[in-house]
Amino acid sequence: MTGSCTIVIPTYNEEKNIANIARAIRAEYPDFKILFMDDNSTDRSREEVEALNDPLVTFYVRDPNARGLGASVLQGFEIADTDYAMCMDCDFQHPVSALAGIVAEMDKGADLCVGQRNSRMAMGLKRTLGSELVEAYCKFFFMIHRKQTTKDMMSGLFAIRCDVFRPIIQDNWDNFELRGWKVLMDLLKYADRRMDVHYYRYDFGERAEGVSHLNPKVPIMTFHQLWGFGKVTAKIVAKMYGVDYYEMYPAERK
Ligand SMILES: Nc1nc2c(ncn2[C@@H]2O[C@H](COP(=O)(O)OP(=O)(O)OP(=O)(O)O)[C@@H](O)[C@H]2O)c(=O)[nH]1
Ligand SMILES: [Mg+2]
């Protein structure tokens, strides 16, 4: 086992950020493994990573028939062979300097450490308000279903103990929102409520380079994670955005 942590980074067409983020992580953390879970990028992402020649960096090309941000992160967590695995985005919105604080919390015995944004305003006012509202809505359903909630449940920066979460991932693979973006929220649906959750606060930034992948399907998939009534909400939101819900979820077509 090399080092204590694998940094799992889901990527799609991040050629402008991918080498920079690997270099930035390596400069501060000589022994962290870096695992890019790439969904068949059509740009020069692979070449950029290969040119780094870093033995602790892996560019994993995922099955093109099983694409999805959620699936990428969960599969990365399964592949990780270190004590902890942490996911973060490729575009520097999650500061590399925060990783040390998160790992320090894991070293104190946490099962899960959530990177908690001091503010979401880097997303702009409209998206920040939307994000906070959606999170409050999701939390309400988690409470009704007596599930574990955390602060910043929508966070894309968090670390897990692999031995605690690997069985959860393997046992529930088909139940996850595999194309969805709210991986932490999905994991909490199946996690033991007695687990030890720690937090690390950080300043959330703006995308460094490249273009956003956010699209109307993201909130639809987030609501779809919320059991029966969430699916009704997802259908309403799909209608609002002019998205064909049953094309997204053909198995639910009656
Ligand atoms: N593997 C994989 N990664 C993805 C996919 N879509 C987005 N990503 C990655 O997921 C991370 C988050 O995507 P972003 O485009 O930054 O989404 P966002 O942060 O909500 O949007 P911005 O605030 O505009 O950056 C980035 O590292 C993306 O490259 C996907 O379908 N598959
Ligand atoms: Mg981003």
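This is a predicted model: local features need pLDDT of at least 70, side-chain atom pairs count only at pLDDT 80 or more; totals for chains, interfaces and linings use all residues.
Helix 8 and helix 9 run roughly antiparallel to each other (a label used for angles over 145 degrees). Their axes, lines fitted to C-alpha atoms over the stretch in contact, with angles from 0 to 180 degrees between N-to-C directions, come within 7 Å and cross at roughly 165 degrees. Residues are numbered from 1 along each chain as its sequence is written, with chains lettered from A and ligands numbered from 1 in the order in which they are written.

As for who touches whom, P219, I220, F223 and H224 of helix 8 meet G230, K231, T233, A234, V237 and A238 of helix 9 (contact: C-beta atoms, placed from the backbone, within 7 Å). The residues of this contact split into six nonpolar, three polar and one charged.

Then there is the sheet: open, seven strands, mixed pairing, in the order 3-2-1-4-6-5-7. Strand 3 (57-61) and strand 7 (197-202) sit at the edges, each pairing on one side only (pairing takes at least two DSSP bridges). From one strand to the next, the twist averages 20 degrees. Strand 7 pairs with strand 5 (residues 112-117) in the parallel sense, over six bridges; V197 in strand 7 is the bridge partner of L112.

Definitions and conventions. Helices (H or I, at least four residues) and strands (E, at least two) are DSSP runs, numbered from the N terminus. Angles under 35 degrees count as roughly parallel, over 145 as roughly antiparallel, 65 to 115 as roughly perpendicular and the rest as oblique. Two residues are in contact if their C-beta atoms, placed from the backbone, lie within 7 Å. Ala, Val, Leu, Ile, Met, Phe, Trp, Tyr, Cys and Pro count as nonpolar, Asp, Glu, Lys and Arg as charged, and the others, Gly among them, as polar.
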